[in-house]
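Work through the exercises below with the sequence and the structure at hand. Each task is followed by a solution in steps.

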Amino acid sequence: MEKKFLSLEFVDKVFPLPNGKEYVAVKDVNLQIKKDEIVSIIGHSGCGKSTLLNMIAGLDTVSSGGIFLNNKEVNGPGSDRAVVFQNHSLLPWLTVFQNIELAVKKVMPELSKTELQERVDKFVDMVNLNPARDKFPGEISGGMKQRVGIARALSIRPEVLLMDEPFGALDSLTRANLQEHLMRIQQSVKNTVIVITHDIDEAVLLSDRVVMMTNGPSATIGEVLEVNLPHPRNRVELQKDPEYIRCREAILSFLYEKFAKEDE
Amino acid sequence: MNTNSLKNIVLPAIIFFIIIAIWSTIAQNVQNFPTPSDTYIHAFGGEDSLGDEVEGVLSDPFYIENEDDKGIFWQVISSLERVFAGFILAIIVGVPVGLAIGMSKNFQIALEPYIQIFKPVSPLAWLPLLLFVFQDINATAISTIFVTSIWPIIINTSLGVKSVSVDYMNVAKVLQFTPLEKIRKIILPVAVPYIFTGMRLSLGIAWLVIVAAEMLTGGIGIGFWIWDEYNNLNYFNIIIGIIIVGLVGFLLDIIMGKIADFFDYRKRV
């Protein structure tokens, strides 16, 4: 049997509607993701990309088909799959340090007090948040909050990092900053990353492959694009790179010609 | 002194004089109605308008003549004891019930109608039944406070639990918290400010209820004291009693507010 890392096989998601009918959000999704690969999932809003991510995270159940990580079926949430939520989801009554500590403590209960503190501090450092270590989420900027979210997710040593439009709520400069951050971290600690996004540049810049979803209902994978650009990538130089331009155009044409969506 | 703190003194002072003016007008027109100055004398002692030497209610609030005749301080204390006994019972039962309703749709469906039915029932309606059951002043007063002050605790606790955002619950899911960890680390921090709001409302109700309850049950306590003064035709003391009840209630509310702020993470940042 072929060794697969993360595999989505004939995944459907059906929501029951109040009127007794059903809404098929996602249909027949098949996707294989390799270890240490960065994959973006892009599509118009309502295409079920967040639903797909939630199913991989185990926050949502699969209606039919299956999701397998290391050949084991995903049945619920687990610390092998960490999630970075769109709205950071930090607990506002805990400091930056305590928010990360909460996760590490739960996933690695065997750590001693000093080991725990060292591990948390390592991840606070990784996202350059040492000065904000003892601040509450209400006292730091949106970009910093999202960095804490990333640090918290990485701190539990996940096999897959799932990011649900992680930078969607941020202004474009902060977003660029965080993308750089993420790429730097990815250079030092290899992770398998799945990023949900609706930003074409972000998708091409970050990923090895871009998965393009058709519009819902019954959304599915339309095309998968290989991004043949070496890491580390430089966003300024990329602007003139023919491969970058080709990828951008391929996604643009998919989203705005083949599967254009009218404003509702 | 800046204009704001000046305002804080001057504006209430204006209202104070208006109240005294209205009070004086009423006193002039209603026979035997206590005047402001005589009420003051009866509170702090001195010679009243009839030329009688009066020992004020507040000039010796700590006296104990016998079990049935004690100073006003002891009256208030014994009322507060009953209030807190009923209030604490209401917390012990109300918070867990509120948590259950907030976390389980089934609990909510099961209990919601009864909460809506019993919540508006006046303490005066419960009192005869509870007096018949307990045949005891203290138990009756405490249980009356319990059944009337538990509702805001239940309702606000469940509201607090329901206000926990899906995002926080997702964090709990991803980290695979046990139900107990979920309550302790996610739900309680969010719900505690709501619970304290409920407790603050509940304590206010408890203090309202005790006066009425003691009037009917008798014994020692500020409520019965006011009723007793009515029977003794001491109308001055009724007004003094009202002011004391008001001040104590105000003080309780301030203390509960401070405690609530202390436990509210939103006030710490």
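## Exercises on a predicted model

In chain A, helix α1 (residues 49-57) lies across β1, β2 and β4, and runs at about 65° to β2(A). The model is a predicted one.

**Exercise 1.** Find the order of the strands in the open sheet of chain A, and state which strands are at its edges.

*Solution.* The open sheet has four strands in the order β2-β1-β4-β5 (chain A), and the pairing is antiparallel. β2 (22-33) and β5 (72-73) of chain A each pair on one side only, which makes them the edge strands. Next, take the pair β1 and β4: strand β1 (residues 6-16) and strand β4 (residues 64-69) of chain A run antiparallel and are joined by five bridges. Within this pair, Leu8(A) has Ile67(A) in β4(A) as its bridge partner.

**Exercise 2.** Decide whether α3(B) and α6(B) are roughly parallel or roughly antiparallel to each other.

*Solution.* Helix α3 (residues 72-103) and helix α6 (residues 137-162) of chain B pack at an angle of about 30°, and their axes are 6 Å apart. Angles under 35 degrees count as roughly parallel, so α3(B) and α6(B) are roughly parallel to each other. By class, their contact has 20 nonpolar, nine polar and two charged residues. The crossing of α3(B) and α6(B) is right-handed.

**Exercise 3.** Classify Glu229(B) as buried, partly exposed or exposed.

*Solution.* Glu229(B) lies in helix α9 (residues 222-231) of chain B. A residue is buried if 20 or more other C-beta atoms lie within 10 Å, and exposed if 12 or fewer do. Glu229(B) has 19, so it is partly exposed. Leaving aside neighbours within four places in sequence, Glu229(B) is in contact with Asn234(B), Asn237(B), Ile238(B) and Gly241(B).

Key
Residues are numbered from 1 along each chain as its sequence is written. Chains are lettered from A and ligands numbered from 1 in the order in which they are written. This is a predicted model: local features need pLDDT of at least 70, side-chain atom pairs count only at pLDDT 80 or more; totals for chains, interfaces and linings use all residues. Helices (H or I, at least four residues) and strands (E, at least two) are DSSP runs, numbered from the N terminus. Two residues are in contact if their C-beta atoms, placed from the backbone, lie within 7 Å. Two strands pair if DSSP finds at least two bridges between them. Axes are lines fitted to C-alpha atoms, for helices over the stretch in contact, and angles run from 0 to 180 degrees between N-to-C directions. Angles under 35 degrees count as roughly parallel, over 145 as roughly antiparallel, 65 to 115 as roughly perpendicular and the rest as oblique. A crossing is left-handed if the near helix is turned anticlockwise from the far one by less than a right angle, and right-handed if clockwise. Ala, Val, Leu, Ile, Met, Phe, Trp, Tyr, Cys and Pro count as nonpolar, Asp, Glu, Lys and Arg as charged, and the others, Gly among them, as polar.
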